[in-house]
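Here are my notes on strand pairing and ring contacts. Please read them beside the model.

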Amino acid sequence: MFSLHLSQINCYKEWHLGVAGAWMVACHACNSEVPLACRNCPACGADNGYPNVRLADEPAEKEALALRVAEAEASAAAGGYLDVLEALGIAVLSSKAIVARALAPILDLLNNGTSLYSTYSLQLAAQSRTPEDNEFDRVRTQFEAALAPGFHREIRFAALTLDDRWLSSFGRYAMVLRSSMIEKRATVFEENPYLFVSRLRVLLNQPLPVGYRATWAQRSDLAKAKLFSKLNTKTNSSEFPRLLLHDTHDHRADYIEVHIFGPFNRNSVAKVVGPKPKTREDRLLWKTLAKSIETLGGTAEQIG
Amino acid sequence: MNAFVSGVAARVVFVEGNDVTYFEADAPNDLKKSSLSELGCLLAGATDLVELKRADKAAVFQCLLDLWNKDRAIRMLDIILDESSQEFSSEAVEYLDALLSESTTPYVLNWALAVPAKWAPPTDKISTTYSKVQGLISTIVGLQESIRQVRLAWEGIDPDLFESPSYKAKFERAAVVEGVFRQFVLAVAGQEDLNDALLAGYVSLRPFRNVRSIIQAWEAGLTVRRSAQRVLDRITITADANEDEDLKPGVREVGSYEAYQRVLRAKEGIVDRLERSDLVNARKFARALVDEQIANGDRSHAAKTLCALAQEANRLGYTSLQLEWVLQAVEVNPEDGWAAGQAADAFLVLYRFSDAADYYRRAMNLGEELFGMNGLGRVLRASGNLDAALATFREARDQFSSHAEVFHSWAGIGEVLRDMGDLDAALKVYTDAVERYREIPSLWCGRAATLKDLGELDMASAAYNEAMLKFPGEVTAQVGLADIEKTLGNFDSALQKYEKVIDQLPSEVAGYRGYAEVLREKGQSEEALVAYAQAKKRFPHDPGSYGGYAETLRDMGRLDEALDAYNEAVARFEFEPYLRNGRANLIKLTGRLEEALQAYDQNVHDFPYSLVALNGRADLLKELGHYERALSAFDDIAAKQHSFKVALFSKAAVLTILGRFEEALDILPETSPRTRDEWIAYHIRGMIYLRSGRVEQAIEVFEFGLSHIQFHKERSYFQNALAAAKLARSDYLEALNLSRNGRSTMAKVIQLHSYSALGERKVARGFYDELRRDPHSNVIDLAEEIARRFRLVEKPPAHSSAWIIQKEQELVLALAA
């Protein structure tokens with residue numbers, strides 16, 4: 001009774017791995033094959049769009065997500081909370097991407113070019129980065145590569161937020177990104193990838209099931225498909241932020257992951273949030289950080 | 001434990017087997033749990049990551065403190081040297097002065113003397129109170145010309161001497177951190193001997209390929225030159241001497257019987273700690289034992305020790321510790337293919353399929369080719385890639401056809417075919433395999449299990465008996481036989497067989513769980529509960545025992561306790577869909593239907609491949625009266641797996657409710673019922689007779705079912721159906737006799753109708769009041785109509801008597817199959 005029904009998984013995968021054949025797209029300019037991981041056509045150099053966005057925009061992905069949304073709406077109708085589901089979808093349209101970090105790396109991003117030795121150290125670390133060198137990077141890379149096959153090194157990870165709260169386990173502080181700086185190159189993914197592959201028993205070297213990622217513009221559909229079972233007739237809109245990003249301060253935290261193609265810099269940051277630092281050195285760093293972000297037209301807010 | 005430490009991130013992350021935990025620099029006692037996929041985020045932006053292997057917490061914390069001090073010292077220096085941040089300079093000077101120490105100062109100088117400053121702060125403005133900073137800044141300012149010269153020489157090195165830009169960056173970082181830049185700067189400034197600087201540079205950067213040419217080219221760009229050749233000669237001698245030193249064996253203790261006995265005793269001690277759940281000391285003693293074996297130059301045995309301990313950890317359900325130890329075994333003896341295979345097995349148990357596949361490949365490369373290939377087949381099977389798994393097992397079978405252990409590949413093929421539902425092909429494979437490898441009991445049992453899957457229970461029973469005759473001690477065959485007896489409802493025989501299994505193999509959960517299951521099926525709930533409790537205690541890693549315990553509490557009507565038990569089970573086995581579904585069923589039973597629907601929806605989200613989860617949701621839609629939606633949900637399941645009979649028969653029930661009798665009959669088997677699923681199908685057949693007006697035929701079916709069925713829970717289906725049939729014939733007293741004392745919703749409806757019709761208004765009114773609180777709206781509507789029809793309430797009936805009978809029959813179907 002309690003053993004896994006393997007044939008169930010097999011059937012499920014046959015149904016949902018429609019994306020497996022989508023490793024190539026035809027170049028919009030010259031019709032040559034463009035590998036999934038490439039943005040530019042290797043034949044004519046034409047820009048074929050961000051690979052993560054192309055992946056989320058695949059017909060198989062969109063159809064599978066649409067099916068999930070339809071299921072969500074059917075359940076919401078049966079449970080009498082369709083209006084709550086719609087309200088959630090509208091709220092998520094205004095969600096933002098938030099990146100949690102320790103204080104020092106945020107400072108490094110904001111002060112890039114002005115802090116001599118920190119910047120130099122950062123550059124050397126970035127240039128010499130070979131992710132498969134140790135167990136730490138090897139494990140991490142497995143998950144990233146499964147999410148962004150062939151282009152994972154180009155992806156920066158964030159989470160969706162409605163109220164500038166973030167996942168504390170990823171860092172004491174966080175940067176809220178300007179949506180205008182990422183909306184064309186960002187996609188969203190169902191949840192913490194470790195939980196995802198564990199739940200669905202996914203082999204990381206194979207395509208992930210479809211229907212669990214969306215473009216930035218479709219992020220509210222993904223939120224509806226994911227979160228409908230947590231709603232009911234009594235759910236108040238003030239609960240939406242906690243449903244979208246539920247920080248349990250440990251590995252059970254639940255969130256929608258944002259994948260941003262390419263780097264972002266200090267001009268992408270609208271706001272830095274975090275608690276009052278505990279050491280005097282870090283309080284001084286916070287002061288320099290606040291000055292930097294204000295110079296850039298952003299804000300720094302101490303909360304919590 | 002292995003730790004990753006970063007002063008930049010101000011955090012330590014521990015990775016122990018499959019477990020990831022971390023603490024912040026300012027809260028070292030607040031250890032928090034995380035997961036492997038979050039590793040990248042936990043230390044994002046950390047440019048100073050240090051890995052400490054098998055370090056204790058004190059050493060790890062000291063390392064963190066050191067790295068944090070160094071990082072913050074550099075950042076304070078950055079502020080002091082940034083012209084635009086002068087408003088913060090005095091604070092930065094004060095803090096930097098406190099941070100500078102024997103460990104921090106050289107580190108700060110290493111970076112400060114590697115790159116020219118953009119701006120020189122006036123040193124006379126730094127208070128003499130902070131003499132360390134004053135001295136540091138004076139040094140940095142005074143050496144700017146030398147720094148520029150060394151930097152120019154570095155930038156002038158022919159890029160072709162480096163393998164790649166990334167290699168150059170790595171080399172440069174090492175040259176900074178090891179102080180090579182600093183020593184070159186001091187040499188150029190005449191404060192150190194260049195030969196000494198060159199020697200130090202060569203020695204500290206020796207792991208890098210082409211180091212000699214790179215350092216020569218670097219030196220060539222400097223204006224101060226000494227006799228480098230002489231230095232490099234000295235370096236060669238030193239390096240060779242170091243290499244010889246590296247090759248010296250450790251102090252080898254001659255292997256002896258006493259030493260062997262001591263290892264055995266130590267192992268026993270560690271296992272004893274494991275059995276007492278004392279993982280801290282188990283780890284500690286294991287490390288001491290292995291360190292001793294390694295110190296004696298006995299890496300091979302150290303790896304074996306770790307593998308053996310890992311097996312014990314696995315036996316006791318400590319899968320993460322198992323992984324930790326087998327990974328250590330691989331590290332201790334990287335050439336050990338067996339250890340790599342064990343690591344792969346451990347990853348597989350933890351559902352880390354990609355890692356498992358990597359390690360099976362590693363085992364193959366280290367000589368364990370068949371084991372590794374079969375392992376890959378297992379990974380593919382476990383992850384649901386059945387076509388690829390089948391191909392892999394077949395390739396292994398063909399490639400290693402004469403290997404003594406190739407029967408594992410045959411069994412793999414048989415099992416995958418069973419998973420695929422191609423039972424005839426699986427039977428053929430097992431039959432062939434048994435002919436070829438007659439001494440392998442697992443193949444005989446595989447064949448018998450396939451016969452059972454085919455529904456050939458007598459043949460399966462004979463096959464298991466044959467296996468038991470040939471292999472008298474074979475427990476799998478005994479469990480298989482007991483399972484067949486249980487499936488057939490031959491409970492006493494099943495109990496005897498499970499008892500025998502328990503006697504023969506007390507370390508195997510199957511006997512204990514099977515025994516408890518039979519007691520539950522028989523309706524002996526108290527005894528079942530005790531049996532499950534024992535199984536839970538003895539096998540804490542078995543989800544079946546936890547689920548059975550909760551289900552038994554549910555059977556007993558102890559719903560709150562059952563929910564607690566399910567919550568405990570779900571927390572312990574978070575990726576087990578059956579437990580989550582059981583919990584949702586329980587919520588449904590308590591009448592919290594909206595919450596139950598949420599729970600089923602959540603299960604479908606979390607386990608979209610699980611037919612049990614999909615079926616739970618579809619069933620609730622049926623109960624709630626959303627028949628078309630339920631039908632579509634059952635069709636969806638059938639499309640995914642046609643052989644999933646539970647959903648097929650539920651679909652037949654919905655079709656019967658909708659009056660589509662022919663379609664329903666097409667689904668139902670015509671054989672005499674023996675298994676639970678077959679009895680459910682038989683019950684639906686009776687309901688089709690009833691709904692289509694063949695009442696006598698229906699009663700015949702229900703009476704036969706009631707007198708022959710062995711399954712406790714399903715007996716009530718026949719009881720309610722028979723009572724509904726009696727109501728259709730206006731035999732109220734008989735209907736009442738069948739449902740009297742029943743506490744289910746259906747039994748209450750029958751009692752309401754019967755008592756009302758018999759004029760027992762007061763008792764009837766009691767049932768009416770109860771049913772008005774039922775969470776099912778269709779039940780409330782029906783109760784209301786019965787009350788109106790028999791004047792329990794002062795309202796005229798809205799429907800006919802036939803409507804009531806029809807709705808009662810629908811309800812029997814909706815609440816049963």
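1. Strands S3 (residues 96–101) and S4 (residues 155–161) of chain A pair in the antiparallel sense over three bridges. Strands are DSSP runs of E, at least two residues, and helices runs of H or I, at least four, numbered from the N terminus. Pairing requires at least two DSSP bridges between two strands. Lys96(A) has Thr161(A) as its bridge partner in S4(A).

2. S3(A) also pairs with strand S5 (residues 173–177) of chain A, antiparallel, over four bridges. Here Ala100(A) is bridged to Ala174(A). Five of the six residues of S3(A) are buried (under 20% relative accessible area, 1.4 Å probe, protein chains only).

3. This is a predicted model: local features need pLDDT of at least 70, side-chain atom pairs count only at pLDDT 80 or more, and totals for chains, interfaces and linings use all residues. Residues are numbered from 1 along each chain as its sequence is written, chains are lettered from A and ligands numbered from 1 in the order written, and side-chain values use heavy atoms, without hydrogens and water.

4. Over all chains there are 31 aromatic pairs (Phe, Tyr or six-membered Trp ring centres within 6.5 Å; planes under 30 degrees apart are stacked, over 60 edge-to-face, the rest tilted). Why is the pair Phe184(B) and Trp218(B) tilted? Because their planes stand at 50°, with centres 4.4 Å apart. Phe184(B) is in helix H8 (residues 180–188) and Trp218(B) in helix H10 (residues 211–220) of chain B, 34 residues apart.

5. Tyr755(B) and Phe767(B) are stacked, 5.9 Å centre to centre, with 10° between the planes. Both are buried.

Terms used:
Buried < 20%, exposed > 50% of the residue type's maximum accessible area, 1.4 Å probe, protein only.
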